[in-house]
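Dear colleague,

I am passing on the structure we spoke about, with the sequence alongside.

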Amino acid sequence: FHLLDAVGLGDFATQRADQLSGGQRQRVGIARALMQEPELVLADEPTSSLDPKTSVEIMELIARRTGERGIPAIVHNVDLARRFADRIIGMSKGEIVFDGPPQALQDAHLLQIYGGEGWLQ
């Protein structure tokens, strides 16, 4: 119940998950993940199919709650990582090609990581 309060769903504790909105379901997922006291949170597409406002709220929630617990969170989305991460690690072919703060990540790094230029637009 404490975790449901922490993700803003304390008043929904007795409701079925299928009666919740997409953003509320994501919040339930965050609470469930944190309840397991993980060493790492893999947030694969945590904001897919959410509106922009709710997407920001969910990412802020993930960043805040994992940060409070000292749990690293992996997000596979460059735009979200640039906005919410303290550190970005980029890999290509099993090798680290970038490790640093979001503001230091350049298009050249992204080309090395992902290849091709079409997706940079």
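Helix α2 covers residues 22-35, and its 14 residues reach 20 Å from the first C-alpha to the last, close to the 20 Å expected at 1.5 Å a residue (that expectation being 1.5 Å times one less than the number of residues). This is a predicted model, in which local features need pLDDT of at least 70 and side-chain atom pairs count only at pLDDT 80 or more, while totals for chains, interfaces and linings use all residues. Residues are numbered from 1 along each chain as its sequence is written, and side-chain values use heavy atoms, with hydrogens and water left out.

Within α2, the residues Gly23, Gln24, Arg27, Ile30, Ala31 and Leu34 are buried, meaning under 20% relative accessible area with a 1.4 Å probe, protein chains only. Seen down the axis of α2, these buried residues fall within an arc of 110°, so they line one face of the helix (the arc is taken from the directions from the helix axis to the C-beta atoms). They pack against α1 (2-6) and α3 (52-69), where contact means heavy atoms within 4.5 Å. Just after α2, glutamate 37 takes a positive phi of about 50°.

As for the whole protein, there are five helices and four strands, taken as DSSP runs of H or I with at least four residues and of E with at least two, numbered from the N terminus. Along the sequence they follow the pattern α-α-β-α-β-α-β-β-α. Of the 121 residues, 31% count as buried.

Definitions and conventions:
Buried < 20%, exposed > 50% of the residue type's maximum accessible area, 1.4 Å probe, protein only.
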